[in-house]
Amino acid sequence: MSSATEVMRPEEVPQPKQYGKPGGFLRHTNIITGTVSGIVLAAIAYLVAGALRPPPSDENALALPVGLDPQFAAMYIGWTIGLLLGIGAFDGPLRWFLGHDLTHEDAEYMAGAGQGKWRYFKYTTDHKVVGKQYLVMSLVLLGVGGTLAMMIRTELGITWMEVFNPNVYNSIIGTHGMVMVIAMIIVVSGPIGNFIVPIMIGARDMAFPRLNALSFWLLFAAVPPLVSSLFLGGIRDGWSVYQPLNSQAPVGMLGYQTTIIVFAFSTGIASVNLITTIVTMRARGMTWSRVPIFVYGIIGSSVMGLIWFPMFQYSQILSWSDRVLQSNFFNPAQGGSVWLYENLFWLLGHPEVYVIVIPGTAALMELTTVFVRKPLFSYKLAIAGIFGVVGISGIVWAHHMYMTGFAPSANYPFMLSTELISIPFGFLVLVLLGTIWRGKVWTRLPMMAVYAVVWNKVVGGITGVWLSDVPVDQYMHGSMFVVAHFHFMLMGAALFSAIAAIAYWFPKMTGRYLNERIGSIGFWVAFAGFQLCFGSMFFAGLQGMPRRVLQFDNAFNLSNWLSTIGAYTIGIGTVIFLYAIITSWRGGQTAPMNPWAAQTLEWTVPNPVPLENFKVLPVVTTDPYNYGVPDPYASQVADVGDETSQKVSVS
Amino acid sequence: MKRALFTVLSVVIGVLVVGGSVALFSAGAQEPDPIAAKVVGKAKTPQGELPHAELDLSIYPNSSPAVPPPAVSDRLAQSESESQQWPFYTPSTNLELPAHSLVTIRITQYDSGGQIYNPYLAKVVGTVDGSATYDGEKKTGIDPNTVGHTFTIHQFPESTQPYLYVNIPVPMNGANAPTDANGYPKDPHVIEFSFITGEPGQYIWNCEFPCGTGYVFFGGPMQQRGWMSGTVTVV
Amino acid sequence: MSTAAADPVLSPTTGEPVAVVARRNRLGIWLCIVSDAAGTVSLLIAYAYLWSLNVNGGWAPKKGAWAPDWLFWAIVLGMVVACALLWWGVKSVFAGHREGLVVAATLSSLLLLAMFILQIWQLATFPFDISESSYTSATFWLALSNAFHLSLGSLLVLAVVNRTRAGKIGVDNPFQSRLVAMWITWLCAAALLGAIFTTAMKDSPNTDPPAFQSFTQPHTS
């Protein structure tokens, strides 16, 4: 290898012309200018659309999408474009178009160099800043979704009166669902994927740093429309908002549609970036058999997001079109089909479960090797499991539609494919158990979460196999049993995995230890509450209680009371855990570079991680799980004397 | 100790956030002020002599300066201009009826209508003799193609509720009926019917005709409490 | 490539050879194409699904006027020529002739712009309203999607012209022109698929579709 080309410092390379001060237009943009610009453009778009709106006539009086739809649609478009304009997202494409390429100083400014904490509120390209932005955004979304969950359980627990108007209750249900789905999709891939993965593979940054910032700020743009929909009629039809309810709902539905459309762009961009980074920017020597398993999890999740998210996006683009342009994709009276919506929706809607679960599970595998001091049990089986799930995830969607009447003859093939996916998914649990088996477990908070997740995943997985059976689904479909099942997967497996991942990488992300005493109290309180809340919900479902109802038979009272007590317990545990995160981040005990004596590359860089991660790019000579040697520290040889490379050898 | 205190404080803050959110959104659950049936005397019924109570309701196709819309607070309601075009029952949809009584309700109907999806709902069900009086004429049902609205009392799902089910189809006014200055028919239909209440209990009632907006006309006023649906409390 | 391997051009922002950055960008473009293709496939699924079901007999346009085929194919033809021109320019610059790329990309961008205008004209002059039937909705969106593609494509090729003239794309750093050409090739494929669908799938094969009585109840009250 030519060391001159690999390690040439950018500042030594001939630089293009510097236009103005480094950073250019981005020096003047931040979250405030973005938000103000978004609000102003939203208001202008709303008013202009109102002025251009044709007056009602006899011809269009009976058309379904009447009212304020065009105005609110324009408002949401205005908000999104305005925010991106005001935060500076279009600066890069414009400069590229004009040929005003970035200098190294420009790039450093955009990465946040010398801007202190303010860089977290700007269009900053450094992957570590973006990772932390994602972390805070995930926690905020989990807080909002969790508060809505408490409200749902309050209504269902107070069985002797109505706490909310039925419409309000339905809106709370729908908003809770969508907020939590977004939060869960980003909670591991966003913070850990952005912050840790580039360092883990020995890269200086992501492949496309500006796209990285764009993916976060698109997410930022996507959230307000969703929350605003609560005040514009709400999402009253569950998180999946099937057609024709979608087209007939109040204007708040446009907020939901905007959120998904924008969020899908964000996810697609993030997926392109993560895959490209991992495929093309791995350190020398990091062959595919030496790539940490967490990185495989991120690839698997990104591949699914890349292929299936656009379909989900189009389910909403076409729904938006039906409302605003009065097209007929989903209106049966004019040749549309509601099944088309369900197909497009579930083509991502189900793989999305794996988009959520796979990175978390891969993170658990990663950290289990560290805390058990053993190599990963059957690394290849784990990879097969991840890509088996990725492959089969595309042919299981219609199990959500067994009872809709869409293609009854397809029910059994979909039943088989759904049951088939439990095999690669089972591999992942087996790999976890095999890694723990006969290991000397170092029981720290992340490892506790592994036990919790294995239990939750087994319960969620087995009940999922039951529900995938057409005859069982005929009875359990639409019941609280389904709700309990998917909460065991999406919360019990995925959220607890995220807690483990955050606790494990917390010292690297913040330079401080997470307070494990308080964190563990919060964790176990939440875990106990979770079992009570959703365990009871299984019984309500088995008794026949339908989901998404405000009023129900007295026979279901007991299980609902228990569920509500469990939910409040989860709430208390979560708040305690959140407290541990915030206080530890602000003033926790300082962590050394490698507090867990782990062997992946992210633990070879100092805290706080320097702007470009590595002074010299590392060279990997063995796989990342050579634990079991007498002294794990002795196994790390950092040949820092070599100016061209930092050798990380683990044997 | 300090940490424990702050941990508890965090939980308290969490409780306040959830409690505040519940309070904010539960404000929308308010029903309009109740209207009680007036006991006017005693009446002979198949169940013997019972107290006799009466209640007057009207159905308007939209609000106007002369007829204000329902005074309900719903944070998720549509814009005011849209809801001005919604039909509604007035003076209230929150009804209080005496227990173990003969209740007579008079509905004055000013709205138009059309075909009801389920013809069963064009039949009179649950009244004392299975009939109702339409503009002075006794009937057991009306033409399913000329329904304006219905007044339909349902059980709450709770299994301990005393049984009560009443369905009264309300006929439509013709499109060419002469109207007053506010656009309401000058000669509205008047429907009178009587039923017997049992033990005290909570019920809901609603219109079953698709007279709303969206959701194939079960949205808008059909979704909002205070317009085409409400509660019946037997006290 | 004509540049000397011993002295590669380096990226001013990362210090890596631009060829390394180009390899990375090429994968990025491939992935963008995969993602955009998934979106286009969604539209084609919608078109084919509604065509095959003919729900309530509502596939065909109410007034019986289908979109003329020739316009779809004219746009595809224009795009293919623009794409071929761009590839010719890319080959020129890789062969060491920067001016070839300037000329080819200029012509290509003008042609793409003309196709964009033609696409907008088609959208504005369809012999039906978008709300007339499911065919009209699906066709409208295929055309709208192509208009979006064309607007983006013509801007990108125009940027290639601009950057080549400014010396940012040249014989020693020609890679970005190839990335744009890859993207334009995909846009041609997407337009071609749209043209095939709208030409070959007109009358629904379901001649006895389910009828759902009437979903157009009078809006009463």
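Biologist: I'd like to start with one residue. What is W505(A) in contact with, leaving aside its neighbours within four places in sequence?

Modeller: Keep in mind that this is a predicted model. Here, W505(A) is in contact with I192(A), I196(A), M200(A), F294(A), A363(A) and E366(A), and also with E602(A) and W603(A).

Biologist: Which residues touch the most other members of the largest nonpolar core?

Modeller: W505(A) is one of them, along with Y256(A), I293(A) and F294(A), in a core of 277 residues. Helix α19 of chain A, residues 480-510, gives the most to this core, with 23 residues. Domain 1 (22-55 + 63-124) and domain 2 (126-587) of chain A each supply at least three residues to the core.

Biologist: And what does the second, separate core include?

Modeller: That one has 48 residues, among them V103(B), L121(B), V125(B) and I142(B).

Biologist: Now helices. How do I read a pair of them?

Modeller: Two packed helices are described by the angle between their axes and the distance between those axes. Take α14 (residues 351-372) and α16 (residues 411-436), both of chain A: their axes come within 9 Å and cross at roughly 20°.

Biologist: Are α14(A) and α16(A) roughly parallel or roughly antiparallel?

Modeller: Angles under 35 degrees count as roughly parallel, so α14(A) and α16(A) are roughly parallel to each other. The crossing of α14(A) past α16(A) is left-handed.

Biologist: Which residues make the contact?

Modeller: From α14(A), they include Y354(A), V357(A), I358(A) and L364(A). On the α16(A) side, F425(A), L428(A) and V431(A) are among them.

Biologist: Let's move to the backbone. Where should I look for cis peptide bonds?

Modeller: Look at the bond from Q243(A) to P244(A), which is cis with omega near 5°. P244(A) sits in the loop between α9 (209-228) and α10 (245-248) of chain A. In chain B, the bond from T90(B) to P91(B) is cis too, with omega near 15°. You'll find P91(B) in the loop between β4 (88-90) and β5 (94-97) of that chain.

Biologist: What about phi? Which value does S378(A) have?

Modeller: Its phi is positive, about 55°, although S378(A) is not a glycine. S378(A) lies in the loop between α14 and α15 (379-392) of chain A.

Biologist: Is S378(A) buried or partly exposed?

Modeller: Partly exposed, with a relative accessible area of 32%. D135(B), another residue other than glycine, has a positive phi near 50°. The loop between β7 (132-134) and β8 (137-139) of chain B holds D135(B), which counts as partly exposed at 45% relative accessibility.

Terms used: Residues numbered from 1 in each chain as written. Chains lettered and ligands numbered in written order. Predicted model: local features only at pLDDT ≥ 70, side-chain atom pairs only at ≥ 80, totals over all residues. Heavy atoms only, no water. Core = buried A, V, L, I, M, F, W, Y, C linked by side-chain atoms within 4.5 Å. Buried < 20%, exposed > 50% of the residue type's maximum accessible area, 1.4 Å probe, protein only. Helix = DSSP H or I, 4+ residues; strand = E, 2+ residues; numbered from the N terminus. Domains from an automatic or database assignment. Contact = heavy atoms within 4.5 Å. Axes fitted to C-alpha atoms, helices over the stretch in contact; angles between N-to-C directions. Parallel < 35°, antiparallel > 145°, perpendicular 65-115°, else oblique. Left-handed = near helix turned anticlockwise from the far one by under 90°.
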